[in-house]
Every structure is written in structure tokens, then in C-alpha cells.
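Subject: A structure for you to look through

Hi,

Here is the structure I promised to pass on to you. Please open it next to this email and follow along as you read.

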Amino acid sequence: MFVLGYQNGAVLHINNPAGSNPSPRVRVRVRVVPLRALYAHRGVTEKKPSNVVRNKPKRKICTADELHYVAVPNSDWRLALWRYLPSPAAPQRNHPLLLLSGIGTNAIGYDLSPEYSFARYMSGQGFDAWILEVRGAGLSAHRVEFGEDSMIASANAKSTGGTTLSRESQSKSQLMETVMQSSQRLSGLVNEGEEPDAPQFFDLQERLSTSLEDFQEQLDLIVKNDWDFDHYLEEDVPAVMKYIRTLSKPKDGKLLAVGHSMGGILLYAMLSRCGFEGKDSGFASVTTLASSLDYRPSNSLLRLLLPLSDPIQALNVPVIPLGTFLAAIHPFASRPPYVLSWLKLLISAPDMMHPELFEKLIFSNFGNIPTKLISQLTAVFQEGGLCDRSGTFFYKDHIGKTNVPVLALAADQDLICPTEAVYETVKLIPEHLVSFKVFGEPRGPHYAHYDLVGSRLAAYQVYPCIIEFLTRHDMT
């Protein structure tokens with residue numbers, strides 16, 4: 001065995017069966033060994049709760065006080081939770097605060113820098129703030145990233161002292177086993193009667209090996225990105241809410257919640273579903289930033305992407321690399337001759353973000369988006385608005401049944417979720433429970449989609465508005 005080098009924070013060890021320089025035909029086995037010692041961070045700790053097995057070290061990208069991982073029941077996902085501890089000098093609060101991000105984004109958007117950090121501001125006001133990175137986002141991890149020997153222990157498995165493999169892992173393993181067996185039978189039939197060293201034998205083996213490796217990569221990509229909006233709603237958010245309640249221990253068992261863009265849509269959907277079922281949502285209050293269940297009355301530029309939805313599904317493209325796309329076009333949007341400068345306005349209004357922070361947002365905050373998720377979210381432009389994956393439950397039809405106070409904020413120059421779209425959901429909520437405010441002035445300053453979270457004026461105009469609402473509903 002010898003060390004090949006480093007890859008993604010791990011040492012690659014190679015076993016050479018021959019004990020010498022390997023022949024080109026000799027296959028080697030690669031084992032990835034995590035380098036936990038390389039990830040020691042001053043002043044930051046990683047918690048290992050009872051229902052989670054830690055398989056991956058904390059990464060330098062995390063700027064929170066603590067990083068937690070939560071296992072999703074019946075799934076291979078471990079969700080990352082960035083925790084910001086309340087300031088001892090601030091007023092003591094009664095409820096923890098859950099922060100939900102937009103589609104294809106991670107926790108960085110809520111914590112761009114110490115001076116422009118939504119999460120730090122909230123913890124500085126005394127709130128125990130938690131940013132959820134849903135499956136596929138940021139530091140949230142899937143079992144296939146750690147190899148076949150790494151498995152996630154669910155809470156139920158932990159209680160029995162065992163470890164369970166989710167249904168999706170079992171299906172994937174069974175499929176791979178079937179393919180392997182079929183390829184072996186095919187190899188035996190085609191090469192029957194050939195000598196072991198015959199060229200046809202080696203050529204077929206190599207072709208089968210290459211095909212299986214390509215198939216494995218595609219299968220990993222499909223499995224890892226095989227989820228939609230309902231997975232977030234029914235599995236990810238409930239799992240982390242339970243986890244936060246266990247650690248923060250609010251007396252009434254409730255959380256405060258803030259959601260930006262899709263994060264706010266998730267909160268609306270939860271209120272709608274719980275109102276329909278007559279269940280307690282578990283929220284003391286909800287704040288949404290640039291979110292709606294129905295975009296039809298607006299001129300959202302996202303409407304221009306609708307014609308691409310069907311071809312993407314027809315081509316079986318599992319994921320859209322949003323982060324890669326934004327990074328690629330950034331030079332054309334921010335430098336002369338500014339061919340794509342209009343794309344910047346989708347994120348931030350002119351002069352609302354420092355250039356270096358805007359660049360950090362572009363290169364660090366965005367990731368991949370599963371096409372199944374995109375497909376379901378396109379319903380916000382269809383009759384009835386957003387619905388569940390079955391197409392039978394329309395969330396806006398039942399949002400009026402909620403009993404949770406809601407603060408809905410909009411941006412005056414939001415090209416993604418315009419004020420008309422935001423108000424389309426607001427008007428359905430009982431009047432005594434909802435507050436609605438649009439940020440931006442006729443002569444400026446103006447706010448775009450992300451400016452409500454991390455612009456240079458947010459801490460002076462937006463955050464105090466949210467704090468006042470949270471404080472009012474933080475009483476037990």
C-alpha cells in the first residue's frame with residue numbers, strides 16, 4: 001500500500017495486488033481515508049447528537065458557532081445545521097429561530113460576512129439561530145459521498161444499537177448487483193471456450209468494466225439528486241424542527257421561522273398543510289422574504305424559463321448546475337462591455353451590495369438544482385398555484401386556515417418574485433394575522449430579490465422590522 005495523494009480532504013491509499021509497479025491491466029482498489037486532523041478550527045465546534053453518526057469533518061467554509069448534522073429518517077441524507085449562539089448580552093428569548101434559504105442555495109447567503117450577516121444579527125439580538133441546508137445544499141451530505149462502508153444511523157436504529165440502510169440505498173445496491181450479475185453472465189457466454197488470456201476476453205472485460213463505472217457514476221448522480229419540493233416539506237424541515245426543539249427546549253415546543261424565496265414557500269406550504277389537517281404547525285410566527293405560492297399575477301422573469309422545463313425532463317437531465325452557470329456568466333455581467341449586466345439585477349439592485357460580497361455570493365452560495373424540484377415549482381405559474389407532487393393538493397387553497405402570525409416582506413424591484421406575486425399569497429391569510437411590507441422607495445434606494453437578506457442597507461431597514469415582529473411573537 002502507498003499514498004497516492006490528497007483529494008477532497010482525504011488521503012488516497014492504493015492497494016497494489018502485485019506488490020510492485022502495477023501493470024496497465026491490473027485493477028487497483030482505492031480507499032478514501034478522511035483527514036479529520038486537517039479540520040481543526042479555533043472557536044468552532046461540531047456537535048455529534050445521539051441520532052447522527054459523524055462521517056465527515058467540519059469544513060472551513062462553515063462560519064457558524066456550531067455545525068450539526070441531522071439524519072433524515074428513511075433516507076441517506078444528513079442535513080447540515082449552522083448554529084449561531086445567542087449573545088449573552090442580548091435579551092433572553094423564548095424560541096429558537098429557524099432560517100430557510102432559497103432554491104439551489106446554501107447557508108452562506110445568510111452569513112456573507114461578519115458585517116453583513118443576517119444570522120449574526122439575529123444571534124446578536126438574543127436568538128438561537130439555525131440555518132438549515134436542505135438535502136443537496138452546502139454541507140448536507142449523502143451516503144454515497146462517503147463510500148459504501150459509511151452509513152447513516154437513524155434515530156430508530158440508534159435506539160436499538162444498529163444501523164439501517166434506507167430504501168433508496170437498498171434499491172440502488174440491488175440494481176447494481178443485478179447489473180453486475182448480468183454482465184458476468186454475458187462475459188461468460190461470449191467468451192465461452194476462449195483461453196483466459198485471449199484478447200477478446202480482456203477487451204470485453206475492459207469494455208464491461210468501463211461501462212459499469214460510467215453506469216455507477218450516472219446512478220450516483222440520479223440517486224443523489226432524486227428529490228422534489230415535497231421531500232423538503234415532508235422530511236427535511238420536520239426532521240430539523242424536531243432536532244432543534246430537542247436541543248433548544250422552548251417551553252411551548254414552538255420555533256420562530258424566517259424563509260427567503262423558496263424557504264418562504266416551504267413555510268407557507270407547511271402552514272397550509274397543517275391548517276388543512278387541523279394540526280399544530282410548530283411555529284410561533286413565520287416571516288417570508290420574497291416568497292409566494294402563486295406567481296401568475298406578476299411579470300416574474302422566471303416565466304421565461306418555463307419553455308425549458310419539458311425538454312430538460314425529456315432529455316432525462318437529473319440536475320441543473322445553477323452555481324456553475326452563474327459563475328460562468330459572472331464576468332459578462334460585471335465587466336465591460338456588460339453584455340449580461342441585466343442578470344445582476346435578478347439578484348441585487350444597483351449599489352446595494354459591495355462588489356466583493358456580490359462575487360462571494362455568486363461563487364459560494366449557489367449549487368445544483370434537481371430537475372424534479374424545478375418541475376414541481378413551475379406550478380407557481382399555473383392555475384391554482386403550487387401543488388404537491390400528486391397535483392391534487394393546492395397550498396393556496398388552505399393557507400387561509402392557518403392560525404400562525406405571518407410577516408411577508410417584498411422588494412420593490414424584485415424581478416424573480418415581484419410584489420404582485422407576494423401579495424397574491426398575503427391576501428389569502430386572515431387579515432388579523434398577516435403584516436405586509438414592501439422595501440424600496442420611488443427615488444431609491446431600491447431592493448431586488450436578495451437585498452432583503454444581505455444588502456448594505458438590510459441591517460438598518462429590514463432586520464429591525466423583522467426583530468420587532470419576532471419579539472412581539474416570542475412571548476410564551
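R120 is partly exposed, with a relative accessible area of 29%; buried means under 20% relative accessible area, exposed means over 50%, and partly exposed is in between, using a 1.4 Å probe and protein chains only. R120 forms a salt bridge with D65, and their closest N and O atoms are 3.0 Å apart. A salt bridge here is a side-chain nitrogen of Lys or Arg within 4 Å of a carboxyl oxygen of Asp or Glu. This pair links distant parts of the chain, 55 residues apart: D65 is in the loop between β4 (45-46) and β5 (66-71), and R120 is in helix α1 (residues 118-124). D65 also counts as partly exposed, at 21% relative accessibility.

Before you go further, please note that this is a predicted model, in which local features need pLDDT of at least 70 and side-chain atom pairs count only at pLDDT 80 or more, while totals for chains, interfaces and linings use all residues. Residues are numbered from 1 along each chain as its sequence is written, and side-chain values use heavy atoms, leaving out hydrogens and water.

**More salt bridges**

How many salt bridges are there by this rule? The count comes to 17. Some of the residues involved are joined up: D294, R296, E383, K396, E424 and K427 are linked in a network of salt bridges. D294 is buried, with a relative accessible area of 1%, whereas R296 is partly exposed at 28%. K427 and E424 meet in a salt bridge too, at 3.2 Å, N to O. Here K427 is partly exposed, with a relative accessible area of 45%, and E424 is buried at 14%.

**The chain overall**

The chain has 13 helices and 17 strands. Helices (H or I, at least four residues) and strands (E, at least two) are DSSP runs, numbered from the N terminus. Of the 476 residues, 49% count as buried. Among contacts in the chain with a separation of 6 or more, 72% come from residues 24 or more positions apart; a contact means heavy atoms within 4.5 Å. The chain exposes about 23300 Å², and carbon and sulfur atoms supply 54% of that. Accessible areas come from the Shrake-Rupley method with a 1.4 Å probe, and for residues only the protein chains shown count as cover.

Find helix α8 (residues 322-334), which has 13 residues. From its first C-alpha to its last, α8 reaches 18 Å, close to the 18 Å expected at 1.5 Å a residue; the expected span is 1.5 Å times one less than the number of residues. Where does α8 bend? The bend is at A328, by about 35°, and a proline, P331, follows within four residues. A bend at a residue is the angle between axes fitted to the seven residues ending there and the seven starting there. The buried residues of α8 are G323, L326, I329, H330 and A333, and what covers them includes α9 (355-364).

Helix α13 (residues 458-472) has 15 residues and should span 21 Å; its end C-alpha atoms are 20 Å apart, which agrees. α13 bends by about 25° at P464. Its buried residues include V462, Y463, F469 and L470.

**Spots in the loops and on the surface**

L345 sits in the loop between α8 and α9 and is partly exposed, at 35% relative accessible area. Together with W342 and L415, L345 forms a nonpolar patch on the surface, with about 260 Å² of accessible area in total. Patches are made of residues with over 30% relative accessible area and no salt bridge, where like charges are joined within 9 Å and nonpolar side chains (Val, Leu, Ile, Met, Phe, Trp, Tyr) within 5 Å.

Now for the backbone. K249, in the loop between α5 (229-248) and β12 (255-260), has a positive phi near 55° and is not a glycine. A290 has a positive phi of about 55° although it is not a glycine either, and lies in the loop between β13 (283-289) and α7 (306-314). Are these residues buried or exposed? K249 counts as exposed, at 61% relative accessibility, while A290 counts as buried, at 0%.

Finally, look at the peptide bond from G444 to P445, which is cis, with omega near 0°. P445 is in the loop between β17 (434-439) and α12 (451-454).

Happy exploring!
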